[in-house]
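The sequence and structure come first.

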Amino acid sequence: MTRIKRGSIARTRRTKLRFFASKFRGSHSRLTRSILQQGLRAFVSSHRDRNRKKRDFRRLWITRLNAVIREMGVFYSYSEAINNLYKNQLILNRKILAQIAISNRKCLYMISNEILKNRVSYLNNNN
């Protein structure tokens with residue numbers, strides 16, 4: 001039996017792994033086993049955080065809206081404002097509302113006043 005020299009395929013696989021892990025620090029970018037573990041961990045974290053990013057932005061928009069709404073004094077809370085928006089069929093998502101609240105508070109104030117007028121007229125007509 002002739003001797004077979006191995007390693008070319010394995011070496012190419014490891015260099016591909018090292019290319020991915022070149023940004024890691026210390027042994028995480030040098031040792032093959034650590035590279036494999038850190039790579040898997042990085043992929044898991046990126047998958048998890050893609051969904052978490054959506055959640056965090058929604059929280060940020062709601063917080064901004066709540067602060068502006070309470071500061072304006074038209075509504076008492078964010079939930080009451082959103083409820084009145086849905087009742088008047090003004091379906092704007094939270095991202096757009098937060099942008100309006102930051103860039104042009106008068107516009108949000110006008111929207112909320114219009115909702116209140118519609119709500120008062122609706123209550124007067126039904127009673």
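In which helix does Arg11 lie? Arg11 is part of helix H1, which covers residues 8–20; helices are DSSP runs of H or I with at least four residues, numbered from the N terminus. The model is predicted, so local features need pLDDT of at least 70 and side-chain atom pairs count only at pLDDT 80 or more, while totals for chains, interfaces and linings use all residues. Residues are numbered from 1 along each chain as its sequence is written, and side-chain values use heavy atoms, leaving out hydrogens and water.

Arg11 counts as exposed because its relative accessibility is 53% (buried is under 20% relative accessible area, exposed over 50%, partly exposed in between, with a 1.4 Å probe and protein chains only). Arg6, Arg11, Arg13, Arg14 and Arg18 form a positive surface patch (residues with over 30% relative accessible area and no salt bridge, like charges being joined within 9 Å; a salt bridge is a side-chain nitrogen of Lys or Arg within 4 Å of a carboxyl oxygen of Asp or Glu).

There are three aromatic pairs in the structure (ring centres within 6.5 Å; planes under 30 degrees apart are stacked, over 60 edge-to-face, the rest tilted). Phe20 and Phe43 are stacked, because their ring centres are 5.0 Å apart and their planes at 20°. Phe20 lies in helix H1 and Phe43 in helix H2 (residues 32–72), so this pair ties together parts 23 residues apart in sequence. Phe57 and Trp61 form a tilted pair, with 6.0 Å between centres and 35° between planes. Both lie in helix H2, four residues apart.

| Residue | Relative accessibility | Class |
|---|---|---|
| Phe20 | 34% | partly exposed |
| Phe57 | 39% | partly exposed |
| Trp61 | 22% | partly exposed |

Phe20, Phe24 and Phe43 form one aromatic cluster.

Terms used
Patch = residues over 30% accessible without salt bridge, like charges linked within 9 Å, V, L, I, M, F, W, Y side chains within 5 Å. Areas by Shrake-Rupley, 256 points an atom, 1.4 Å probe, with all protein chains shown as cover. Lys, Arg positive; Asp, Glu negative; His and termini not counted. Charge placed at Lys NZ, Arg CZ, Asp CG, Glu CD. Helix = DSSP H or I, 4+ residues; strand = E, 2+ residues; numbered from the N terminus.
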